[in-house]
Amino acid sequence: GRPHRVRLTQAVHTFLDDFRRLATGLGDRPTRIAELFPRQPTVVGATDASGKGMGGVAFVHHTSGIVLPLLWRQPFDSTTQQALVSWDNPTGNVTNSDLELAATIVHHDVLAHHLDLREHTIHTLHDNTPGVAWQTKGSTTTAGPAAFLLRLQSHHQRRYRYVARHDYIPGPDNAMADDASRLWNLDDSHLVAYFNSTYPQDEPWQLLHPRHATVSSVTSALARKP
């Protein structure tokens, strides 16, 4: 019979290019052992996503003993919101799990641009089991948005040299990240005031803003674009 063939789509070519870049770059930028094996987390946090946006919280443990609470959020653009699968939009091509996965990547980038994460471990909790599984395995069996998001995650993790751990947290226990992704009726200052009164910490909450370039990359990945 005819030999088996693999259809080389544009997505496949993109993924093959990734492996070529990795192979040629290993000599200039070898992978260190501390980038592969998790240690005691420097940062523990949680993320969440709603149909309107995503958000997260993080607790940074300094050597001085101080724990710094961080907060971030980012609305989804209208195109992403309109692509979300729902009862009213059954033909959408973006799932809630895709949005939850996107939030984890933005969370990592917010931390990477606030802290030096080289050879440190980040431990993040999510109330979405597919998102936890995708991040833990680093792969998915489909070529949907999750595949493009995981590709972005792998590039990001190699660029900033951190170890990422992921675990599940029940939805009712994920209230802080849930509020960060949903309270769009509050402006930034009122959101910080809400967190300081509702979830008081020894140090005041600090609101960080995701980088435009990262949001753009995540939005492209959700649209299946590299």
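Me: Is Glu35 buried or exposed?
Reply: This is a predicted model: local features need pLDDT of at least 70, side-chain atom pairs count only at pLDDT 80 or more, and totals for chains, interfaces and linings use all residues. Residues are numbered from 1 along each chain as its sequence is written, and side-chain values use heavy atoms, leaving out hydrogens and water. Buried means under 20% relative accessible area, exposed over 50%, and partly exposed in between (1.4 Å probe, protein chains only). Glu35 has a relative accessible area of 8%, so it is buried.

Me: Which residue meets Glu35 in a salt bridge?
Reply: A salt bridge needs a side-chain nitrogen of Lys or Arg within 4 Å of a carboxyl oxygen of Asp or Glu. Here the N to O distance is 2.9 Å.

Me: In which helix do Asp17 and Arg20 lie?
Reply: Their side chains form a salt bridge, 2.5 Å from N to O. Helices (H or I, at least four residues) and strands (E, at least two) are DSSP runs, numbered from the N terminus. The two residues are three apart, so about one helical turn separates them. Their helix, residues 10-25, is α1.

Me: How many residues apart in sequence are the parts tied together by Arg73 and Asp188?
Reply: Arg73 and Asp188 form a salt bridge, with closest N and O atoms 3.1 Å apart. Arg73 lies in strand β3 and Asp188 in helix α7, so the pair ties together parts whose separation is 115 residues.
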